[in-house]
Amino acid sequence: MSLIGSLATGRFRLHSDIDLLVRGPIDPAERAAVERAVAAVMRGTGIPNDLIYACDLTPSQLDAFEKAVP
């Protein structure tokens, strides 16, 4: 899992969310486990988050996410 988006690039602001890129092939049961784990860690923070699964992206979309992180 990689941190991407505004927090990774130093542009995190009051209304930002945390974007996490989940790498590798992942089946539905593993996806649910990842979502539960992230929800448990984020519980009570009040900070929204997005889970982005690399396996759902096209190669060009994945490349754009990876290039956006210093």
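This is a predicted model: local features need pLDDT of at least 70, side-chain atom pairs count only at pLDDT 80 or more; totals for chains, interfaces and linings use all residues.
Which residue in S2 does Leu3 stand opposite? Leu3 faces Leu20 in S2.

Three strands make up an open sheet, arranged in the order S1-S2-S3, with mixed pairing. S1 and S3 are the edge strands, and each has a single partner strand, so one side of each has no neighbour in the sheet. On average, neighbouring strands of this sheet are turned by 30° against each other, with direction ignored.

S1, residues 2-4, pairs with S2 in the antiparallel sense over three bridges. S2 and S3, the latter spanning residues 49-53, run parallel and are joined by five bridges. Two positions illustrate this second pairing: the bridge partner of Leu21 in S3 is Ile52, and Val22 stands opposite Tyr53 in S3.

## From S2 to S3

How does the chain cross from S2 to S3, and what is the handedness of this β-α-β crossover? The path goes through helix H2, residues 28-42, and the crossover is right-handed. H2 lies across both S2 and S3, and runs at about 155° to S3.

## The covered strand

S2 comprises residues 18-22, and five of its five residues are buried. Burial applies to both faces of S2. On one side are Ile18, Leu20 and Val22, and on the other are Asp19 and Leu21.

Leu20 shows what surrounds one of these residues. Leaving aside residues up to four places away in sequence, Leu20 touches Met1, Ser2, Leu3 and Ile4, as well as Val38, Asp50, Leu51 and Ile52.

In soluble globular proteins, nonpolar side chains tend to be buried together. In this model, the largest nonpolar core has eight residues. Ile18, Leu20 and Val22 belong to this core, together with Ile26, Val34, Val38, Met42 and Tyr53. S2 and H2 are the elements that give two or more residues to this core.

Another core, of five residues, lies apart from the largest one. Its members include Leu21, Ile52, Ala54 and Leu57.

Definitions and conventions:
Residues are numbered from 1 along each chain as its sequence is written. Side-chain values use heavy atoms; hydrogens and water are left out. Buried means under 20% relative accessible area, exposed over 50%, partly exposed in between (1.4 Å probe, protein chains only). Helices (H or I, at least four residues) and strands (E, at least two) are DSSP runs, numbered from the N terminus. Two strands pair if DSSP finds at least two bridges between them. A crossover is right-handed if, with the strands pointing away from the viewer, the path from the first strand over the helix to the second runs clockwise. A nonpolar core is a set of buried Ala, Val, Leu, Ile, Met, Phe, Trp, Tyr and Cys residues joined through side-chain atoms within 4.5 Å. Contact means heavy atoms within 4.5 Å. Axes are lines fitted to C-alpha atoms, for helices over the stretch in contact, and angles run from 0 to 180 degrees between N-to-C directions.
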